[in-house]
Amino acid sequence: MNKLIAELQRLFFHPGLSPDEVSLASGAAQAFEPMGPDGQLRAMVLGVSGAEAWDYVAALWQEVQDDLQLPAPVMAVTGADGFLLWFSLAEPVPLPKARAFLAGLCRRYLGELPEARLMVCPPGPVSLIPAINGASGKWSAFIDPSMGRVLAHEPWLDIAPNPERQADLLSNFARIERDAFERAVAQLAPPPALATPTAVEAVQAGVPVLPAGGTTERLGVEGCFGDPKSFLLAVMNDPTASATHRIDAAKALLPYWK
């Protein structure tokens with residue numbers, strides 16, 4: 001048991017903190033708190049429950065390595081109906097940075113899943129592994145990813161996992177270095193919002209005007225205009241044009257009246 005505690009401390013706990021040995025040995029559930037006394041985190045957890053949970057988590061586990069070039073996260077069964085990935089950080093990170101990383105993973109790789117099927121810590125709670133799941137009576141455990149397919153439809157163990165084997169399994173996993181983590185957060189960031197052109201800018205650029213409803217809207221003005229001033233005057237005085245278009249046109253005309 002001491003070896004398992006040491007590996008849990010190495011990967012997931014802040015210095016000076018450790019799991020309760022008695023609870024760990026008995027399988028009693030104990031909440032895992034990734035936040036340290038300084039308000040930073042050394043670990044994060046992301047998982048999927050329900051149908052085809054294994055397929056989603058296995059694909060995410062591989063993408064983390066292939067796409068983001070990060071060390072493999074530790075995989076676990078929940079003891080109920082899902083799989084988890086535990087991410088270990090070499091250096092603590094602020095809560096907003098951890099949430100940005102997890103949100104990016106969900107957005108890029110799990111975007112088709114409803115939020116109710118995702119297990120995300122932080123902010124949600126998660127129980128330390130291994131332990132007896134209170135709802136099913138089955139054991140959660142860290143697993144070798146090569147065995148995940150076997151447990152796809154029954155993501156639990158019927159008996160307590162061997163502590164020494166759990167420790168040996170964890171010893172094969174590395175922590176994410178700070179530089180690699182920062183690169184992954186940047187890679188997962190959503191694209192910057194594109195600036196929406198004003199009605200006048202859109203028309204001048206030859207782009208159809210899209211109102212809030214998203215359908216193409218045509219201005220009521222017709223005919224050919226020899227200069228921008230004539231066109232803008234027509235838009236400003238067009239009773240069928242929207243208020244936004246008319247105001248934009250009026251603003252654009254201001255330099256002509258100085």
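Me: Which residue in the turn of the E7-E8 hairpin has a positive phi?

Reply: Residues are numbered from 1 along each chain as its sequence is written, and side-chain values use heavy atoms, with hydrogens and water left out. Strands (DSSP runs of E, at least two residues) and helices (runs of H or I, at least four residues) are numbered from the N terminus. E7 and E8 form a hairpin with six residues between them, and the residue in its turn with a positive phi, about 80°, is Gly 137.

Me: How many residues of E8 are buried?

Reply: Buried means under 20% relative accessible area, exposed over 50%, and partly exposed in between (1.4 Å probe, protein chains only). Trp 139, Ala 141 and Ile 143 point one way from E8, Ser 140 and Phe 142 point the other way, and all are buried. For strand E8 (139-143), the number of buried residues is five of five.

Me: Which residue of E8 is the bridge partner of Val 77?

Reply: E3 and E8 run antiparallel and are joined by three bridges. The partner of Val 77 in E8 is Ala 141.

Me: Which strands are the edges of the six-stranded sheet?

Reply: The sheet is open and antiparallel, with the strand order E5-E2-E4-E3-E8-E7. An edge strand pairs on one side only, and the two that do so are strand E5 (118-121) and strand E7 (131-132).

Me: How many bridges join E2 and E4?

Reply: Within the sheet order, E2 stands between E5 and E4. One of the bridges links Leu 41 to Val 93 in E4. E2 and E4 pair in the antiparallel sense, and the number of bridges is nine.

Me: At what angle does H6 run to E4?

Reply: Axes are lines fitted to C-alpha atoms, for helices over the stretch in contact, and angles run from 0 to 180 degrees between N-to-C directions. H6 lies across E2 and E4, and its angle to E4 is about 115°.

Me: How far apart in space are Glu 177 and Ala 90?

Reply: Glu 177 sits in the loop between helix H5 (163-170) and helix H6 (178-188). With 48% relative accessibility, Glu 177 is partly exposed. Glu 177 and Ala 90 are 87 residues apart in sequence, whereas their C-alpha distance is 5.2 Å.

Me: What covers the buried residues of H3?

Reply: H3 (53-66) has 14 residues and reaches 20 Å, close to the expected 20 Å, where the expected span is 1.5 Å times one less than the number of residues. Its buried residues include Trp 54, Val 57, Ala 58 and Trp 61. An α-helix has 3.6 residues a turn, so residues three or four places apart point the same way. The cover includes strand E2 (40-49), E3, E4 and helix H4 (95-109).

Me: Which elements do the buried residues of H4 pack against?

Reply: H4 has 15 residues and reaches 21 Å from its first C-alpha to its last, close to the 21 Å expected. Its buried residues include Leu 95, Phe 101, Leu 105 and Tyr 109. These buried residues pack against E2, H3, E4, E5 and H6.

Me: Which residues does Asp 81 contact beyond four places in sequence?

Reply: Asp 81 lies in the loop between strand E3 (74-77) and strand E4 (82-94) and, at 42% relative accessible area, is partly exposed. Contact means heavy atoms within 4.5 Å. Beyond four places in sequence, Asp 81 touches Val 48, Ser 49, Gly 50, Ala 53 and Pro 155.

Me: How many disulfides does the structure hold?

Reply: A disulfide is a pair of cysteine sulfur atoms within 2.5 Å. Cys 106 is buried at 13% relative accessibility, and Cys 121 is buried at 3%. The number of disulfides is zero.

Me: Over which residues does pLDDT stay under 50?

Reply: The mean pLDDT of the chain is 87, and 85% of its residues reach 70 or more. Where pLDDT is low, the predicted coordinates should not be read in detail. The model has 23 contacts beyond four places in sequence for the stretch where pLDDT stays under 50, residues 199-217.

Key: Pairing = 2+ DSSP bridges. pLDDT = per-residue confidence, 0-100.
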